[in-house]
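Please read them with the structure open.

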Amino acid sequence: MSDGKRAAAPRKLKDEPLIRLVAINGAAGVCVAMLVMGGIFWANIGNLRVLVSRAEDPVLPVLMLAFALVITLGSVVIGSAIMLLGKRDGNSGSSGGTFFNNWTENMKQARVYAPARAGGSRKR
């Protein structure tokens, strides 16, 4: 295949770096959520383990808790991974990402003129 045809070929979904980042960190968020849920039941926080074990249908409260934890903690892990994308290695400062720094350094200041009328017609 020539270079022109290779560039035009569609990329597979698993080859997209952002999709892989979200999928890997989403899976890590699910694992963290399951660990937290296990810790909640192990420590019997709010007497939850006893309440769930004595319920008529114990699967429903466990699924509801798991769903809420997966959404919350999965979003935290994915969001923190996305926010850390622009960090440079070895840069401990909060200078932001390289794209934003290059973009703002290359901006030129331009004067913008806005017409104004004297004695506006606003009533107070």
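1. The backbone oxygen of L21 lies 2.8 Å from a polar atom of the N25 side chain, a polar contact being a pair of N or O atoms within 3.5 Å, where within protein one must be able to donate a hydrogen and the other to accept it, and residues adjacent in sequence count only if both atoms are side-chain atoms.

2. This is a predicted model, in which local features need pLDDT of at least 70 and side-chain atom pairs count only at pLDDT 80 or more, while totals for chains, interfaces and linings use all residues. Residues are numbered from 1 along each chain as its sequence is written, and side-chain values use heavy atoms, with hydrogens and water left out.

3. Is N25 buried or exposed? N25 counts as buried because its relative accessibility is 17%; buried means under 20% relative accessible area, exposed over 50%, and partly exposed in between (1.4 Å probe, protein chains only). Beyond its neighbours within four places in sequence, N25 is in contact with V77, I78 and A81 (contact: heavy atoms within 4.5 Å).

4. N25 is placed in helix 2, which covers residues 17–43. Helices (H or I, at least four residues) and strands (E, at least two) are DSSP runs, numbered from the N terminus. The chain has five helices and zero strands.

5. The end C-alpha atoms of helix 2 are 39 Å apart, which agrees with the 39 Å that its 27 residues should span at 1.5 Å a residue. The expected span is 1.5 Å times one less than the number of residues. Just after helix 2, N44 has a positive phi of about 55°.

6. Besides N25, the buried residues of helix 2 include G26, G29, A33, M37, I40 and F41. Their cover includes helix 3 (48–53) and helix 4 (59–83).

7. For helix 4, 25 residues should span 36 Å, and the end C-alpha atoms are 35 Å apart, which agrees. Buried here are A66, L69, G74, V77 and A81, and helix 2 is among what covers them.

8. Of the 124 residues of the chain, 12% count as buried.
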